[in-house]
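User: I have a structure on my screen and want to learn how to read it. Can you take me through it feature by feature?

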Amino acid sequence: MEESVALQENSNEQTRDNFDKAAPDTVQAPMIRSEIGAATDPSSQSNSSSSSSGDDALRIRDSAENTAPASGLVIEAGEGQHQQGPGIGGSGGGEDSPPNSANQVTVVGDKAVRSDIALSVLQQLYLPEQTDAYRKVNLHDKTLSFPHSPSFPSVKMLLNHERKRILVTGGAGFVGSHLVDRLMLMGHEVIVLDNFFTGSKRNVQHWLGHPHFELIRHDVVDPFMIEVDQIYHLACPASPPHYQYNPIKTVKTSVMGTINMLGLAKRTKARFLLTSTSEVYGDPEEHPQKETYWGHVNPIGPRACYDEGKRVAETLTYSYMQQDEVDVRVARIFNTFGPRMNENDGRVVSNFIMQALRGDELTIYGDGQQTRSFQYIHDLVDGLILLMNRNYKEPVNLGNPEEYTIREFAEMIRNEINADVEIMSLPPTEDDPQRRRPDIGRAQRYLGWNPKFSVYQGIRETVQYFKKTKSEQAWYTD
Ligand SMILES: NC(=O)c1ccc[n+]([C@@H]2O[C@H](COP(=O)([O-])OP(=O)(O)OC[C@H]3O[C@@H](n4cnc5c(N)ncnc54)[C@H](O)[C@@H]3O)[C@@H](O)[C@H]2O)c1
């Protein structure tokens, strides 16, 4: 089936999008933990971790070999020093320059679709050193101030015909805000539509006022009209406590919201990408999960409003493709984590990190032998942008095939933050899937995509982020 889709699509090659490229010939085997254990085992990284603290991650090498033009950004490079920032797609991972340290990702994205950005540029947007440039916290006076004329990160300069108008629904949420960062840095015009149910203006505040950026409070359940070239449709609460808070609204968001956005894509001839989920596989009987697997979902269980909502959203997407020739993409996203996750959203990563930071026990539901695979946010954003800009219309899994038991994951976070906290088992939750691991063969083959970040590197950045937000919030509750 995949071959015939690819052939058919090649003959329909879209000329309006010069990003599309033929799928790579070679397929890399999915990563398995035994192969990359060294990259993910905290103990095996003791050397590199000691030389790559949060500050070091922002340090920029001033290498003569690095010929990328400077972006003009000034980056805090350790105590009291300033250095020129890297070019947006520039330093840190060039073929000629040695990597900062083994197994550390320093450049994200893909040159082929021009989404490549130095990690340090993104870090300026979500780690403390950057946000302070836009939002000053005075712990002494307990005041917040927003400098009147914020300076924006440099974005790529595109010709008019290259710059797209891109709508991101749910763009103020966790995934959406990182996608917005990347699309902005790539030089596009970005319009965010969000009702702020789980998202926050703060996630995109660093772009407010930028001439390429617009933020609109709107509920996707209601129709919306705008002229755009691409639509990334993310709007939907994604964590169980949030989507179970008002299950009827969750179904409406998935069904009516997706109909509205597909209608918009139809009218404006925009390309439409749906962020679906691994939850469409339910509690899978097939392992790892391939896109061809139809799933094992309880239609009336507590997760049904989300799982079935997304399944209908997929059905709608392909119905609009078949009936109205809407140009569609569907990403099935597996567990993703990173900075800007909501600390109270009940997802396993934020739960464990916040519990460990508070010195509380880490709570596991069931015996902790259920498995999950966790992908770092920048890998997901890479995959979404590639999928949007490649010519492949079937659903594509985006996830990191490294599989951990929940208990192993809890231990990893505990070791990173506070080795003294206990791990406690609670009764299992209803319909909790026992095993989750993506088969990413399709993404490798048709997008040329592979996750780059080890779970360990992702956890270290995420812990850094939560530590910062926690210390900032401490005085609110004093
Ligand atoms: N994070 C993951 O691990 C994961 C996994 C699978 C799928 N996904 C999908 O990715 C997308 C983004 O997830 P996330 O983790 O960023 O969640 P999130 O809750 O952080 O973001 C969702 C965003 O959508 C907005 N929103 C919700 N309902 C809306 C409505 N009716 N109208 C307008 N805006 C609305 C929220 O305010 C929020 O900004 C979702 O579609 C989710 O299903 C995420």
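User: Which residues of H9 are buried?

Analyst: First, a caution: this is a predicted model. Burial is read by counting neighbours: a residue is buried if 20 or more other C-beta atoms lie within 10 Å of its own. In H9 the buried residues are Thr250, Thr253, Ser254, Gly257, Thr258, Asn260, Met261, Leu262, Leu264 and Ala265.

User: What covers the buried residues of H9?

Analyst: The cover includes strands S7 (165-169), S10 (230-233) and S11. Helices H8 (240-245) and H10 (304-324) are also among the covering elements.

User: How do I read the shape of H9?

Analyst: Compare its span with the expected one. H9 has 22 residues and reaches 31 Å from first C-alpha to last, close to the 32 Å expected at 1.5 Å a residue. Then look for a bend. H9 bends by about 25° at Thr253, a residue that is also buried.

User: Which helix is largely enclosed by the rest of the structure?

Analyst: Look at H5, residues 119-126. Helix H5 is largely enclosed because 8 of its 8 residues are buried. They are Leu119, Ser120, Val121, Leu122, Gln123, Gln124, Leu125 and Tyr126. For the protein as a whole, 45% of the 478 residues count as buried.

User: How do I find the core?

Analyst: Start from the general idea. In soluble globular proteins, nonpolar side chains tend to be buried together. Here the largest nonpolar core has 98 residues, and Ile231, Phe272 and Leu384 touch the most other members. Helix H12 (residues 377-389) gives the largest share of this core, 8 residues.

User: Which residues does Ile231 contact, leaving aside neighbours within four places in sequence?

Analyst: Ile231 is in contact with Leu167, Met261, Leu264, Ala265, Ala270, Phe272 and Leu273.

User: How do I read separation in sequence against distance in space?

Analyst: Take both values for a pair. Gly383 and Gly448 are 65 residues apart in sequence and 9.1 Å apart in space, C-alpha to C-alpha. Now a second pair. Asn160 and His188 are 28 residues apart along the chain, with 9.7 Å between their C-alpha atoms. Asn160 lies in the loop between strand S6 (143-145) and S7. Asn160 counts as exposed because it has 5 C-beta neighbours inside 10 Å.

User: How many other C-beta atoms lie within 10 Å of Phe196 and of Arg340?

Analyst: Phe196 has 13, so it is partly exposed. Arg340 has 24, so it is buried.

User: Where is the cis peptide bond?

Analyst: It joins His287 and Pro288, with omega about -10°. Pro288 is in the loop between S11 and H10.

User: Last topic: the ligand. How many residues surround it?

Analyst: 29 residues do, and the closest are Gly170, Gly173, Val175, Thr198 and Gly199. Helix H7 (174-185), helix H9 (247-268) and strand S11 (271-277) each give two or more residues to this shell. H7 gives the largest share, 3 residues. By class, the shell has 13 nonpolar, 14 polar and 2 charged residues.

How values were computed:
Residues are numbered from 1 along each chain as its sequence is written. This is a predicted model: local features need pLDDT of at least 70, side-chain atom pairs count only at pLDDT 80 or more; totals for chains, interfaces and linings use all residues. A residue is near a molecule or strand if its C-beta atom, placed from the backbone, lies within 6 Å of it. Helices (H or I, at least four residues) and strands (E, at least two) are DSSP runs, numbered from the N terminus. Ala, Val, Leu, Ile, Met, Phe, Trp, Tyr, Cys and Pro count as nonpolar, Asp, Glu, Lys and Arg as charged, and the others, Gly among them, as polar. A nonpolar core is a set of buried Ala, Val, Leu, Ile, Met, Phe, Trp, Tyr and Cys residues joined through C-beta atoms within 7 Å. A residue is buried if 20 or more other C-beta atoms lie within 10 Å of its own, exposed if 12 or fewer, and partly exposed in between; C-beta atoms are placed from the backbone. Two residues are in contact if their C-beta atoms, placed from the backbone, lie within 7 Å. The expected span of a helix is 1.5 Å times one less than its number of residues. The bend at a residue is the angle between axes fitted to the seven residues ending there and the seven starting there.
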